[in-house]
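Subject: Structure handover

Hello,

Here is the structure I said I would pass on. My notes on what was found in it follow below.

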Amino acid sequence: MRKLVLLAVVGLLAQLVDGSLGMAYGVTTTTLLLAIGTNPVAASATVHLAEIGTTLVSGASHWRFGNVDWPVVLKIGVPGAVGAFAGATFLASLDTSTAQPIMSGILLALGLYVLLRFTFKGLRKDRLGTPLRKRFLAPLGLFGGFVDATGGGGWGPVGTPAILASGRLEPRKVIGSIDTSEFLISLSASIGFLAALGSQGINFSWVAMLLLGGVIAAPIAAWLVRTIPPRVLGSAVGGIIVLTNSKTILESVGITGTPTVTAYVLILALWIGAVAWSIRAHRAEVAADAAATDGETERELVGEPA
């Protein structure tokens, strides 16, 4: 019973983070399942079955708060579903250990770009509103879906930073669209797992608890992503990408123990500093916009040209 309650709490916290930052549900829950002895195939299958429900509720919540760009959902979600089915079907015979450090390196680079971009320059507006092309989203979706199914998570860490880095869609809609499209990836991966393995190794009570926690958190997360300023949200997303991928990079070069802990503390401190900087910069921008608006209003009252 205690384990089931823990799973529900983890599902809630993971969805709260995922729905707010566009990533981490699969990575967090899969890590827990592996830690308690579940084999990788069953862990990924369990998480994706739970995500069918959590992503459906999350997508509906994001839609309700205006966080979804439907053309982006379709352009990235359909190829993502194809990649997820392929990844789920061949997971038992695939060895992703060699590719994992390379993938983490790419994600780390994207995370650093997003973190620095939003911390020091804010939201890029010269491309904002420019349509995201299918030739960019389709390969991204195919790769992200495959990684998500084979690794038990990865749709958000692959898709969110890549679209954020393009500067063509505001952060809340990036997160809302990625979370909504993840329903297709979870459904496709689950079908692939069930077709290849049946229900072997899947504990459906665990699925139910992860689902319960995620469903409770989804509407709260969708509201949070609408209220958090884009600049602050971008810095937060960039930081979590860097932090979550640093572990794989450090382990791949043989760094463990105390140096690893020191690296984590340093990264965390820099991340907190970046978010604090973004909050301060956002407040300054709001104050400047308010002053400009007041000045415009005064000129209109006295009849001066704008």
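G154 is buried, because its relative accessible area is 9%; buried means under 20% relative accessible area, exposed over 50%, and partly exposed in between (1.4 Å probe, protein chains only). This is a predicted model, in which local features need pLDDT of at least 70 and side-chain atom pairs count only at pLDDT 80 or more, while totals for chains, interfaces and linings use all residues. Residues are numbered from 1 along each chain as its sequence is written, and side-chain values use heavy atoms, with hydrogens and water left out.

G154 sits in the loop between helix 6 (134–151) and helix 7 (155–166). Helices (H or I, at least four residues) and strands (E, at least two) are DSSP runs, numbered from the N terminus. Leaving out residues up to four places away in sequence, G154 touches V27, V147 and D148, where contact means heavy atoms within 4.5 Å. From G154 to G144 is 10 residues in sequence and 6.5 Å in space, C-alpha to C-alpha.

Helix 7

How many of the residues of helix 7 are buried? The count is 12 of 12, so helix 7 is mostly covered. Among the buried residues are W155, P157, T160, I163 and S166. The end C-alpha atoms of helix 7 are 17 Å apart, which agrees with the 16 Å that its 12 residues should span at 1.5 Å a residue; the expected span is 1.5 Å times one less than the number of residues. G167 follows helix 7 and has a positive phi, near 70°.

The chain as a whole

The protein chain has 11 helices and zero strands. Of its 306 residues, 47% count as buried. Taking contacts with a separation of 6 or more, residues 24 or more positions apart account for 84% of them. The chain exposes about 14500 Å², and carbon and sulfur atoms supply 69% of that area; accessible areas come from the Shrake-Rupley method with a 1.4 Å probe, and for residues only the protein chains shown count as cover.

The largest nonpolar core has 50 residues, of which L33, V72, I76, I163 and F193 touch the most other members. A nonpolar core here is a set of buried Ala, Val, Leu, Ile, Met, Phe, Trp, Tyr and Cys residues joined through side-chain atoms within 4.5 Å. L33 touches L7, T38, A43, T46, V47, W206 and L210, not counting residues up to four places away in sequence.

T46 counts as buried because its relative accessibility is 1%. Beyond its neighbours within four places in sequence, T46 is in contact with L33, I202, N203, W206, V207 and L210.

Helix 3 has 25 residues and reaches 35 Å from its first C-alpha to its last, close to the 36 Å expected at 1.5 Å a residue. Where does helix 3 bend? The bend is at E51 and is about 35°, taken as the angle between axes fitted to the seven residues ending there and the seven starting there. Helix 3 is mostly covered, with 18 of its 25 residues buried.

E51 is also one of the residues that S186 touches; the others are H48, I52 and T55, not counting residues up to four places away in sequence. S186 is found in helix 8 (residues 171–197), and at 0% relative accessibility S186 counts as buried.

Just after helix 3, G66 takes a positive phi of about 75°. F65 is found in the loop between helix 3 and helix 4 (70–90). Is F65 buried or partly exposed? At 25% relative accessibility, F65 counts as partly exposed. F65 touches R172, P219, A222, W223 and R226, again without residues up to four places away in sequence. F65 and R172 are 107 residues apart in sequence and 9.9 Å apart in space, C-alpha to C-alpha.

The record

The unreviewed UniProt entry annotates "transmembrane region" at several stretches, including residues 40–60, 204–225 and 261–279; UniProt positions are given in the numbering used here, feature names are shortened, and annotations may be inferred rather than shown by experiment. Over residues 204–225 the chain is 100% helix and 0% strand, with the end C-alpha atoms 30 Å apart. Residues 261–279 are likewise 100% helix and 0% strand, and their end C-alpha atoms are 27 Å apart.

Regards
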